[in-house]
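Q: I have a model open and want to go through it in pieces. Can we start with the ligand?

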Amino acid sequence: MKSLFSSVFFIYLACAGLCAHAQDPQAIRTLAASCAACHGPAGNSLGGTATLAALNQAYFIQRMQGFKDGSVSATVMHHHAKGLTTEEIADLAAYFAQQPRQTPPALPKQSFLGRQ
Ligand code: HEC
């Protein structure tokens with residue numbers, strides 16, 4: 001019984017960090033879709049902006065809070081971060097951390113460089 005309790009407690013602890021904010025996955029997916037225009041599908045950038053997929057959650061939150069309070073310099077992210085609550089930032093951090101990082105497809109420009 002004691003070991004059952006400790007395993008349940010362990011699962012609770014393990015989940016607390018990852019699951020605490022994941023209350024409405026659909027709402028977070030919709031919110032994350034608004035980042036796709038610049039950061040690529042599921043956070044996999046097609047070039048030009050940072051890839052958010054598989055980004056460390058603590059780093060993500062630190063950057064977003066910095067954009068929000070103005071302590072991190074930015075061109076457009078101040079505007080995007082200001083509209084988000086602390087909880088939404090944590091949910092987005094968890095969402096993007098779970099997205100697999102993919103190698104971007106070769107851009108047409110790069111393909112032409114090959115043999116011609
Ligand atoms: C209009 C384009 C655009 C949109 C939309 C956008 N971003 Fe960004 N993002 C940028 C740019 C450009 C930067 C680099 C900082 C800057 O200049 O603002 C950046 C930087 C970041 C960084 C820091 C990455 C790093 O490695 O330092 C994070 C995290 C981030 N964006 C998250 C998001 C999230 C989450 C959303 C959606 C809510 C979002 N962005 C929407 C353009 C965008």
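Q: What classes of residue make up the shell around the ligand?
A: The shell has 11 nonpolar, 5 polar and 1 charged residues. Ala, Val, Leu, Ile, Met, Phe, Trp, Tyr, Cys and Pro count as nonpolar, Asp, Glu, Lys and Arg as charged, and the others, Gly among them, as polar.

Q: Which residues are closest to the ligand?
A: Cys35, Cys38, Ala74, Thr75 and Met77 are the closest of the 17 residues that surround the ligand. A residue is near a molecule if its C-beta atom, placed from the backbone, lies within 6 Å of it. Helix H3 (36-39), H4 and helix H5 (77-82) are the elements that give two or more residues to this shell.

Q: Before I go on, what sort of model is this, and what is the numbering?
A: This is a predicted model, where local features need pLDDT of at least 70, side-chain atom pairs count only at pLDDT 80 or more, and totals for chains, interfaces and linings use all residues. Residues are numbered from 1 along each chain as its sequence is written.

Q: What is the mean pLDDT of the protein chain?
A: The mean is 82, and 69% of the residues of the protein chain reach 70 or more. pLDDT is the predictor's confidence in each residue, from 0 to 100.

Q: Fine. How many helices and strands does the protein chain have?
A: The protein chain has 7 helices and 0 strands. Both are DSSP runs, numbered from the N terminus: helices are H or I with at least four residues, strands are E with at least two.

Q: What share of the contacts joins residues 24 or more positions apart?
A: Among contacts in the protein chain with a separation of 6 or more, 65% are between residues 24 or more positions apart. Two residues are in contact if their C-beta atoms, placed from the backbone, lie within 7 Å.

Q: And how much of the protein chain is buried?
A: Of its 116 residues, 15% count as buried. A residue is buried if 20 or more other C-beta atoms lie within 10 Å of its own, exposed if 12 or fewer, and partly exposed in between, with C-beta atoms placed from the backbone.

Q: Which residues make up the largest nonpolar core?
A: There are 11 in all: Leu52, Phe60, Met64, Phe67, Ala81, Ile89, Leu92, Ala93, Ala94, Tyr95 and Phe96. H4 (57-69) and H6 (86-98) each supply at least two residues of this core, and H6 gives the most, with 6 residues. A nonpolar core is a set of buried Ala, Val, Leu, Ile, Met, Phe, Trp, Tyr and Cys residues joined through C-beta atoms within 7 Å.

Q: Let's stay on H6. How far does H6 reach from its first C-alpha to its last?
A: H6 has 13 residues and reaches 19 Å, close to the 18 Å expected at 1.5 Å a residue. The expected span is 1.5 Å times one less than the number of residues.

Q: Why does Ile89 count as buried?
A: Ile89 is buried because 20 other C-beta atoms lie within 10 Å. Ile89 is in helix H6, and leaving aside neighbours within four places in sequence, Ile89 is in contact with Ile61, Met64, Gln65 and Leu84.

Q: Where is Leu52, and is Leu52 buried or exposed?
A: Leu52 is in the loop between H3 and H4, and counts as buried with 25 C-beta neighbours inside 10 Å. Beyond four places in sequence, Leu52 is in contact with Cys35, His39, Gly43 and Phe96. The C-alpha atoms of Leu52 and His39 are separated by 6.8 Å.

Q: Which phi value does Ala42 have?
A: Phi of Ala42 is near 50°, a positive value in a residue other than glycine. Ala54 also has a positive phi, near 60°. Most residues other than glycine have a negative phi.
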